[in-house]
Amino acid sequence: MNEKQDFKDYIFDALLDYPNLLSNDFISTGIWQIDQALQGGIRRKELGTILAQWQHGKSTILTIIGANCYIKGYKVLHLVLEDFWLDIQQQYRQILKSQEENKSASKLWIMDCVSKTPKLWELEDLINECKPDVVIIDYAELLQGSYRIGDTGKRHILRENFIELRRLAGKTNTAIWTAHQASVGNYQSEQSTLRLTPDRISECRAIGATTDILIGFAITDPFDQLIYCTVMKAKHRTKPMPDYFKLAVDFSIPRVWSI
């Protein structure tokens, strides 16, 4: 089948066809503040991104989301591109040790991508083979793409990776969560306002233009373990997003509890 015929498969009659492109099949993160802000969680075919500085809890939150999805009976594929995969495995075991044995059809896979980083097309083949409900990628910018000569700047890499991941979520009917390291946060007294710092705006535009959900994290005091969150973008939600909300995170277990 040639390329033109492939594209014709994705052309629909706006008045007659009803493809399930925007499923209401929400997959809860298990963190009630995030689920409430997203009106149920992330949906299949959506790409969600957590944005924060280094050591601000991105990987921890992604692992907590993965564990919560597993507890709820979903199949989860977690790609580890930065940390040692055994450390992430230990985090999962700590989160799940108080849970009864899961006898449902849920699965939890961890893929060591530090030793061998998959290309984007290899990731698509892997998803088609394992058929997960949720894919967690920490971090998406470390995936290998097919970049053109002269387009190897960071914003070009991000743009291509995030465009491909969003396409992949739609094509494979999965929900994909990932994270990106960027400076976020500005605080004045008790009023907390999260925003992108100027030096990150250019590269983060590439993310904001393609991701369906963008959540910013910031920490005011590393000793009180409070993460301030804001939902910067949540497509196809009808209610206004909260200005910010707080999560209390125990990084040693790890777990999140309500504020």
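Predicted model: local features only at pLDDT ≥ 70, side-chain atom pairs only at ≥ 80, totals over all residues.
Local features require pLDDT of at least 70 and side-chain atom pairs count only at pLDDT 80 or more, whereas totals for chains, interfaces and linings use all residues. Residues are numbered from 1 along each chain as its sequence is written, and side-chain values use heavy atoms, with hydrogens and water left out.

With a salt bridge defined as a side-chain nitrogen of Lys or Arg within 4 Å of a carboxyl oxygen of Asp or Glu, the count is eight. Relative accessible area was classed as buried (under 20%), exposed (over 50%) or partly exposed (in between), using a 1.4 Å probe and protein chains only. Arg 43 is buried at 5%, and Glu 46 is buried at 4%.

Arg 44 is bridged to Asp 133, with the closest N and O atoms 2.8 Å apart. Arg 44 lies in the loop between strands S2 (42–43) and S3 (47–52), and Asp 133 in the loop between helix H5 (120–130) and strand S6 (134–138), so the pair ties together parts 89 residues apart in sequence. Helices (H or I, at least four residues) and strands (E, at least two) are DSSP runs numbered from the N terminus. Arg 44 is buried at 13%, as is Asp 133 at 14%.

A salt bridge of 3.0 Å (N to O) joins Glu 124 and Arg 167. Glu 124 lies in helix H5 and Arg 167 in helix H6 (residues 154–172), so this pair ties together parts 43 residues apart in sequence. Glu 124 is buried at 12%, whereas Arg 167 is partly exposed at 35%. Through salt bridges that share partners, Glu 124, Glu 164, Arg 167 and Lys 171 form one network.
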